[in-house]
Amino acid sequence: MNILSQSPALADVDAKTRSDSAMGQGDATSMDVDLRAIISAFRRNLLWVCLIVGGALVAGALFTVLVVPQYVATSRVLVELESEQIIEGAETLPTAAYQDADRFLQTQIDIIRSRSLARRVVEQENLSESEEFFASQGAELPSEGDLPEGVNAERALPEFREEVAIDILQENLNVTLPLDSRIISVSFRSADPQLAATISNAMAESYIASNLSRKFDSSAYARDYLGQQLADARAKLEQSERDLNQYSRAAGLIRVTGQGQNADQETTLSITNDALQQINEAASLATARRIAAQQSWESISNQPLMAIPQVLQNNAVQSLLAEKSQAESALAAERSRHLEDHPNVKALEARVAEIDAQIDAVARSIKSSVELQYESALEQENVISGQVDSLRSAALDEQDRGVQYNVLKRVAETDRALYNTLLTRFNELNATAGASSNNVSLVDLAETPREPSYPNPLINMIIALLGGVVAASGFVFLRDHFDDVIRSPDDVERKLGVSLLGLVPKTIEETPEEELEDPKSPMSEAYRSLLTNIRYSSANGIPETIAITSSQPGEGKTTTSHELARGIAELGRSTLLIDADLRRPTLHKRTGDLEREGFTTILAGENRFENVVFPSGEPNLHYMTALPIPPNPAALFVSERFDQLLEEMRGKYDCIVFDAPPVLGLADATTLAAHVDALLMVIDSSSANRGAIKASLRRLSLVKTNLIGAVLTKFDARKLGGEYEYYAADYYTYESTKKD
């Protein structure tokens, strides 16, 4: 039978393993939800999930049965932004603007929830003395024993009961306003349905009555207050008008009546002020011109002539500079042909000097003109300032007389405006007295509820079910997160970060050897699949030297070593299987030769390689036992003899397979792994602990081992369920040759 032939189930396992290995890193970064893994985790913890959800449902049922039923009665009140006005301007309280409607409605809700309104209902319904009210709300009527010591019970007890009743009423009161509506719902909750309806209606009616009362009280107070203020304002206006006329006559001020829109206003005529205003404007302009000229002069006064912007921008200077440049160019040309005393050179030097003198003269004249402009502006400013001073003294005299006039005038105008406002508002209040309107109306009275609103059995059970599911999910998540056991192929790569090369099912026969005798058994197919994956795990194919180890004993590394060696030998390669477990060797027991010396004697230099290697009875496969058991196996692996022996074996065999000892607790496996080309880790899916395997992997990483992957043994897909049931069905429905 060809060693590469595989069952469909094993092919699927290999494909899934390779796919998971390639996509493992992408899944870790994209955080995709693996529904199959979640379902598998729930199935592993199905008993706990059922217990948690069942407990939550039982708790919800007990809560529903034991809790006292509560009835909710609701009355509805309509709140308009503006009340219906009988006479325009009749409202004494301001109405809310439409853009401020939300704030206005929220204010009305706060009024209904206020303690003052609750106190009014408590007093109106005498709730503070009602035992039925306290009993329906799950409280007791306060007694003298509830008061602090030393307090007069006869006077303090009624007040205390009232405060307690108000607190209870506010705790069970619920005021809501639906979105895009002006109808406020006033609800009250109680164990007594009749009492719930009574209090809900009392709250709505008291709110409407308090709104009317607030409007009437504000109107009556306003009329009394305005009448008193109006009499005082009239007397003050008469006196202020009399004082203003007397002073304007004594000061000689001319009162001028306004024209057009200002016909109702008076002013005083002043020629001096007009003249002063005009001369001030002229002085401001002169000062601005002087400041500009001064800044121009100060910016160039200490500057070299050729650094002044006005000089550089002058057309004459620019022309002279261009002419000078040409002359200097000609001078440089003559100097290159003649000596300094040559007539042409002398002439050009004189020309350059002449141009410099002209430039200097023009620059000085420009600078002088800037200075003259500044001096002229300064003189003009001084002249205008003198005129301002002369007019200012005359205007100040006039202002001294006008100050008191303006004071008296403002007093008279203020008194007149106040009197007119009070008179208008007083007339409006007198006209609308007794015409009361309200922007609040009762829409629905609360009816006695027939069914309790709380508790709701269906909602309680739904909440209990959801709570149980959430609690069970949290339990499953935490248990799965802290679970160290390696059960499935996904766990190898997800929890350990190691590529999975093979998946060996749990044996069907009594021993693995019996099942491996059947080439069509699931275990045989699994080991052939493992060999195929090892062949393509690297660019060089099957490694020349490979060690098979595990974290702990009993995980199947010996069986894996034998089957791997047999598979390589069937490929036509000369293969040597060495029992490298010098502490608990097993190869001599499998072959039945309990006295044959092997690996230990060669490492110790007491025997030759040819004397300890013996054929296995199968083509291309030879064995080497580990006998005899040495007192210090670790010392043999670190000897130079081991490296020499390894080179000698490489020259005689195509592949050497080491059945290495476990990693934990021993130094043999790590020492051996540092010398071989590849290392294969065997993991027992029925008892493997992630912590032990990770500790083994850390030890192997310290010696820079070439770990090509892992093989998961004793895999029972039926226990995992979910996606692995498919593999289990393919594995265990495969018929063996014995049954055939």
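Guide: Let us begin with a sheet: four strands form an open sheet in the order β2-β3-β1-β6, with antiparallel pairing. This is a predicted model, in which local features need pLDDT of at least 70 and side-chain atom pairs count only at pLDDT 80 or more, while totals for chains, interfaces and linings use all residues. Residues are numbered from 1 along each chain as its sequence is written, and side-chain values use heavy atoms, with hydrogens and water left out.

Visitor: What makes β2 and β6 the edge strands?

Guide: β2 (173-176) and β6 (440-444) each pair on one side only, where pairing requires that DSSP finds at least two bridges between two strands. Strands themselves are DSSP runs of E with at least two residues, helices are runs of H or I with at least four, and both are numbered from the N terminus. β2 is joined to β3 (residues 183-190) by four bridges, the two running antiparallel, and leucine 173 stands opposite phenylalanine 188 in β3.

Visitor: Why is asparagine 420 called partly exposed?

Guide: Buried means under 20% relative accessible area and exposed means over 50%, with partly exposed in between (1.4 Å probe, protein chains only). Asparagine 420 has a relative accessible area of 40%, and is therefore partly exposed.

Visitor: What makes β7 and β10 the edges of the eight-stranded sheet?

Guide: This open sheet has the order β7-β14-β13-β8-β12-β9-β11-β10, with mixed pairing. β7 (500-505) and β10 (614-615) have a single partner strand each, so one side of each is left without a neighbour in the sheet.

Visitor: Which strands pair with β12 in the parallel sense?

Guide: β9 (residues 575-579) and β12 (residues 655-659) pair in the parallel sense over five bridges, and β8 is joined to β12 by four bridges, also running parallel. Aspartate 659 in β12 stands opposite aspartate 579 and is the bridge partner of isoleucine 548.

Visitor: How do you know that β12 is mostly covered?

Guide: Five of its five residues are buried. Cys655, Val657 and Asp659 point one way from β12, and Ile656 and Phe658 point the other way.

Visitor: What is meant by a nonpolar core, and which residues have the most contacts inside the largest one?

Guide: A nonpolar core is a set of buried Ala, Val, Leu, Ile, Met, Phe, Trp, Tyr and Cys residues joined through side-chain atoms within 4.5 Å. The largest has 44 residues, and Phe599 and Phe658 have the most contacts inside it; helix α22 (residues 640-652) gives the most to this core, with four residues. Leaving aside neighbours within four places in sequence, phenylalanine 599 is in contact (heavy atoms within 4.5 Å) with residues including Ile578, Phe642 and Phe658.

Visitor: Where does pLDDT stay under 50?

Guide: pLDDT, the predictor's confidence in each residue from 0 to 100, stays under 50 over residues 1-31 and over residues 728-740. Where pLDDT is low, the predicted coordinates should not be read in detail. The mean pLDDT of the chain is 79, and 81% of its residues reach 70 or more.
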